[in-house]
Amino acid sequence: MVFLASRSPRRAELLARLGVAFELLTLDVPEQRGPGEAALDYVQRVAREKAQAGLSQLDGRQDAVVLGADTEVILDDVVFGKPVDADDAGAMLARLSGRTHRVASAVALVSSARQAQVLNVSEVTFAELTPRAIAEYVVTGESMGKAGAYAIQGRGEAFITHLSGSYSGVMGLPLHDVARLLTQFGVK
């Protein structure tokens with residue numbers, strides 16, 4: 001049985017697209033970058049910790065396969081997590097304006113017998129955003145709860161002039177990579 005260790009409705013929606021039956025696990029794993037920790041190492045560690053925390057929550061259930069994931073926006077080795085408020089969201093968008101950033105989505109799959117992980121990195125280029133465009137976007141509320149303060153699957157898509165990589169990875173779960181991992185674990 002597959003379990004998704006995530007509170008993200010987007011990840012649940014994406015995983016459902018693969019036609020995989022799964023159950024949600026609600027857990028609280030701290031997402032804090034360690035001193036000197038490389039941005040990509042951080043994203044992978046958080047995904048792995050989510051999957052492992054999910055597996056431990058299932059009390060050693062032998063048929064469990066737990067998927068943990070983390071997605072972060074990275075610009076100049078700065079990790080842009082979820083904004084804490086509207087001002088933070090506006091500041092993030094202003095820094096991303098007119099620049100190319102990376103979106104790293106790490107996926108970890110664990111069971112009682114094995115574990116595997118994949119890292120998907122996409123490059124996203126934003127148009128130059130006016131202060132007015134940023135303010136109008138932030139007031140929609142779409143920025144909140146999104147790494148980098150935008151949703152590629154929503155109004156934020158209008159900011160993107162170029163994407164190199166995985167659209168679903170930027171949303172929060174790179175489906176090609178997830179499908180491959182699930183196959184390795186014998187999940188059909």
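Which residues of helix α4 are buried? In this predicted model, the answer is Ile134, Tyr137 and Val138, within a helix that spans residues 131–138.

## One face of α4

Looking down the axis of α4, you will find its buried residues within an arc of 95°, so they line one face of the helix. These buried residues pack against α3 (86–96).

## The largest pocket

The largest pocket holds about 530 Å³ of space. Its lining counts 29 residues, and Ser8, Arg11, Glu31, Lys50 and Lys82 are the ones nearest the centre.

The largest share, four residues, is supplied by β3.

## Salt bridges around Lys50

The structure has 11 salt bridges. In one of them Lys50 pairs with Glu31, with 3.2 Å between the closest N and O atoms. Lys50 sits in helix α2 (residues 39–57) and Glu31 in the loop between β2 (22–25) and α2, so this bridge ties together parts 19 residues apart in sequence. Lys50 is buried, at 9% relative accessible area, while Glu31 is partly exposed at 34%.

Lys50 also meets Asp70 in a salt bridge, at 3.7 Å from N to O. That pair links helix α2 to strand β3, across 20 residues of the chain. Asp70 is buried, with a relative accessible area of 2%.

Another salt bridge joins Asp63 and Arg61 at 2.7 Å, N to O. Both partners are partly exposed: Asp63 at 40% and Arg61 at 34%. Through shared partners, salt bridges connect Glu31, Lys50 and Asp70 into one network.

Definitions and conventions. Residues are numbered from 1 along each chain as its sequence is written. This is a predicted model: local features need pLDDT of at least 70, side-chain atom pairs count only at pLDDT 80 or more; totals for chains, interfaces and linings use all residues. Side-chain values use heavy atoms; hydrogens and water are left out. Buried means under 20% relative accessible area, exposed over 50%, partly exposed in between (1.4 Å probe, protein chains only). Helices (H or I, at least four residues) and strands (E, at least two) are DSSP runs, numbered from the N terminus. The arc is that of the directions from the helix axis to the C-beta atoms. Contact means heavy atoms within 4.5 Å. On a 1 Å grid over the protein atoms alone, a cavity is a set of points where a 1.4 Å probe fits but cannot get out, and a pocket is an open set with protein on both sides within 12 Å along at least five of seven lines; lining residues have an atom within 4 Å of a point. Grid points are joined across faces, edges and corners, and a volume is the space filled by probe spheres set on the points. A salt bridge is a side-chain nitrogen of Lys or Arg within 4 Å of a carboxyl oxygen of Asp or Glu.
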